[in-house]
Amino acid sequence: MTLAVRYLAARTLDTAPALSTPPGPGEVELAPSYVGICGTDLHIFHGDMDARVAAPAVLGHEMAGRVVRVGPDVEDWAPGDAVTVMPLRWDDTCPACRAGHQHICQHLDFIGIDSPGAMQQRWTVPASTLIRLPDSLPLDRAALVEPTAVAVHDVGRAQVRAGEKAVVVGGGPVGVLIALVARAAGAEVRVVELSPHRRRLAEKLGLTTWDPAADDLPELVRQWTGDAGADVAFEVSGAQGGVDTAVDVLGVRGRLCLVAIHPRPREVNLHRFFWRELTLVGARLYDRTDFEKAVTLVADGTIPAEQLISKVVPLTQAPAAFEALEGGGDVMKILVDCTDDSQGVDQ
């Protein structure tokens, strides 16, 4: 018998015993070490995804851990291997899959949302979802590979090129990761963020930030770009004001990459799209190439994962950690230590 964090109903989580079953053919049993809490997990916690999430549901998909057991016909993995999981299971038969877009399969099983996730002491997943981690990479830092893969995919969708000017609207975990990945691709980056705490953290990472409540953003953009406007903007805030800002900062033929989940329709200045011939692209999830690049970026320090981890809490304190994240401003990334049921650690 092992422990798992379960979603029961809106704003209701518990930590309860969970059965651990042997892995079947093509499956691997993992011992998750660290699991990150992300924005999607908060959406579930708030009850916004009840039409999709069947309670009681084990949450979590940002993880790193080790292989415990392998099922029949699994040859490439062995107990003790350090891994993360690309938490996607597709059907390979729908039109999206047949077109080569398996990561946005029309019947996608997002593990940790549509099926049990990683926030438990034992977790069985298809061996095909495993991504190998270098032995030198600490597992707490490796828990940030999944959100880094999101950022890698976003920067790729936006086709960011060296020398371009990119504005990231929203300086939370994914926004900062996008800024770091875009910078690594050679772009000049500015991060727009209301929270002083998040601006300070971004600045410690060498990023330039703007405060939309105090700064004259149009004038800053004009000075920065020579009145041309930015080449690319990422909307990561999930707010109407963020949408407006991301559109307004773009220059002629600029690209807007929509990253945030907007639970309701938003107004968009389509005249601006017409007048400047702007392009809007959506960015959702990642593929294996994105994940493998993310492992490299975290392992080589391009992504300073240790500076993004605000707190590590034991499994039994995970429900309280969800409530702490709701405040947002003073917390960046909280990890759940699935090996520990004693006390939390501030970073």
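**Figure 1. Surface and overall build of the predicted chain.** The protein chain exposes about 15100 Å² (Shrake-Rupley method, 1.4 Å probe), and carbon and sulfur atoms supply 50% of that area. This is a predicted model, where local features need pLDDT of at least 70 and side-chain atom pairs count only at pLDDT 80 or more, while totals for chains, interfaces and linings use all residues. Residues are numbered from 1 along each chain as its sequence is written, and side-chain values use heavy atoms, with hydrogens and water left out. The chain has twelve helices and 19 strands, taken as DSSP runs (H or I, at least four residues, for helices; E, at least two, for strands) and numbered from the N terminus. Its radius of gyration, over C-alpha atoms, is 20 Å, close to the 20 Å that the globule rule (2.2 Å times the number of residues to the power 0.38) gives for 347 residues, so the chain is as compact as a globular protein of that length. Buried residues (under 20% relative accessible area, 1.4 Å probe, protein chains only) make up 54% of the 347.

**Figure 2. Where H4 meets H10.** Helix H4 (residues 145–157) and helix H10 (residues 288–299) have axes that come within 8 Å and cross at roughly 115 degrees; the axes are lines fitted to C-alpha atoms over the stretch in contact, and angles run from 0 to 180 degrees between N-to-C directions. Contact here means heavy atoms within 4.5 Å. On the H4 side, look for Val145, Glu146, Thr148, Ala149, Val152 and His153; H10 brings Asp290, Phe291, Lys293, Ala294, Val295, Leu297 and Val298.

**Figure 3. Zooming in on Thr148.** Thr148 sits in helix H4 and is buried, with a relative accessible area of 0%. Setting aside neighbours within four places in sequence, Thr148 touches Leu177, Ala294, Leu297, Val298 and Ile303.

**Figure 4. What covers H8.** Helix H8 (residues 240–248) has Gly242, Val243, Thr245, Ala246 and Val247 as its buried residues. Their cover includes strands S11 (165–169), S14 (230–235) and S15 (250–258), along with helices H7 (217–225) and H9 (270–276).

Figure 5. Most residues other than glycine have a negative phi, and most peptide bonds are trans. Ala55 and Pro56 are joined by a cis peptide bond, with omega about -5 degrees; Pro56 is in the loop between helix H1 (39–45) and strand S4 (57–58). Asp73, in the loop between strands S5 (62–70) and S6 (82–85), has a positive phi of about 70 degrees and counts as exposed (over 50%) at 71% relative accessibility. Glu277, between H9 and strand S16 (279–282), has a positive phi near 50 degrees.
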